Amino acid sequence: MGTQQALIEQVKEKQLIHTVTAGRTGTAFLQHLFRLFPDVDSFHEEEPSYLHVMRRVQTQPAEATRFLTKFKFPVIAACKAGTVAETSHLFCKGFLEPMINAGVYPDLVLLRRNPRRIALSLLERNTIPGRTATGTDYLVCPADPNTLPLPLWEGLTDYQLCFWYALEIECRQHRYGRYMHQLGRKVYDCTARELHRPEKLLEMAEIFSLHIPDRDELLRQHREVSSTDYNKTPEVREQVFDIDGAEQEVWAGISYYEPLLYQRVSDRYQDEV
């Protein structure tokens, strides 16, 4: 057995849990929740970071395979825990398919948030898809291959691009969630707000078969973690533009390509503002 195949076999012995998420959704909080379980090694955006190659991967998918086999898999194989959870939002931007092609099948957390809240948080941080440095480095944009089409996107506002990005990740969550279910993998759909409830933490633990040696102690630690703000954005300033009107333009632009998305988003976030 070759060295690379031997490495992949070591990785396949682990339960891998990754996220499909937009970021600004509670990924650091989720990392700390996974750390409450004794046989889980949990990471957020530690090295080796997908950031180093994410932008190139959009047009050169082979870069993702090289990054995984040369950098990521050795770190995963070296972990002592039986479960390795990584909550970086960069993973879903070009690394899932190469991982599957290598024979490694992760479980997924679809970590959601109301698309408007994501867009406002990105706007506040000046993280604009395809326009600012951070937006280019961390996010996909409408010019990237295999993204949700958005005609005439260059003429849209910064907020509209942020809102489009949040919807693009919604599409990935729907697509990847269904696909991994079909492959027999475990998929958990949640928001960070929901995970502040102890019953949702226990539900997630059951889905992923995470060992709980002391339920009362787990819930005590959960209360402690839930009372902490992680990577919080400063209070979003009141916007002076017509947010509803701006979003409607984006919905009109994508409706031909994703006609069911509006209803899915409306149903999922009807209780979240």
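Two strands pair if DSSP finds at least two bridges between them. Helices (H or I, at least four residues) and strands (E, at least two) are DSSP runs, numbered from the N terminus. The legends below describe a predicted model, in which local features need pLDDT of at least 70 and side-chain atom pairs count only at pLDDT 80 or more, while totals for chains, interfaces and linings use all residues. Residues are numbered from 1 along each chain as its sequence is written, and side-chain values use heavy atoms, with hydrogens and water left out.

**View 1. The open sheet.** Five strands are arranged in the order E2-E3-E1-E4-E5, with parallel pairing. Strand E2 (40-43) and strand E5 (187-191) are the edge strands, and each pairs on one side only. From one strand to the next, the twist averages 20°.

**View 2. Strand E1 and its partners.** Strand E1 (15-20) pairs with strand E3 (residues 83-86) in the parallel sense, over four bridges. In that pairing, Glu86 of E3 is the bridge partner of His18. E1 also pairs with E4 in the parallel sense, again over four bridges. Here Val109 in E4 stands opposite Thr19.

**View 3. Burial of strand E1.** Six of the six residues of E1 are buried, so the strand is largely enclosed by the rest of the structure. Buried means under 20% relative accessible area, exposed over 50%, and partly exposed in between (1.4 Å probe, protein chains only). Both faces of E1 are covered: one side carries Gln15, Ile17 and Thr19, the other Leu16, His18 and Val20, and all are buried.

**View 4. Strands E4 and E5, with helix H8.** Strand E4 (residues 107-112) runs parallel to E5 and is joined to it by five bridges. Val187 in E5 is the bridge partner of Leu108. Helix H8 lies across E1, E4 and E5, and runs at about 155° to E4. Axes are lines fitted to C-alpha atoms, for helices over the stretch in contact, and angles run from 0 to 180 degrees between N-to-C directions.

**View 5. Helices H8 and H12.** Two packed helices are described by the angle between their axes and the distance between the axes. Helix H8 (residues 158-182) packs with helix H12 (residues 243-254) at an angle of about 55°, and their axes are 10 Å apart. H8 and H12 are therefore oblique to each other; angles under 35 degrees count as roughly parallel, over 145 as roughly antiparallel, 65 to 115 as roughly perpendicular and the rest as oblique. On the H8 side, the contact residues are Tyr159, Gln160, Phe163, Trp164 and Leu167, which meet residues of H12 including Ile243, Val250 and Trp251. Contact means heavy atoms within 4.5 Å. By class, this contact of H8 with H12 has nine nonpolar, one polar and two charged residues. Ala, Val, Leu, Ile, Met, Phe, Trp, Tyr, Cys and Pro count as nonpolar, Asp, Glu, Lys and Arg as charged, and the others, Gly among them, as polar.

**View 6. Helices H1 and H4.** The axes of helix H1 (residues 3-12) and helix H4 (residues 62-78) cross at roughly 45° and come within 9 Å. H1 is therefore oblique to H4. H1 contributes Gln4, Leu7, Ile8, Gln10 and Val11 to the contact, and H4 contributes Thr69, Phe73, Pro74, Ile76 and Ala77. The contact of H1 with H4 has seven nonpolar, three polar and no charged residues.
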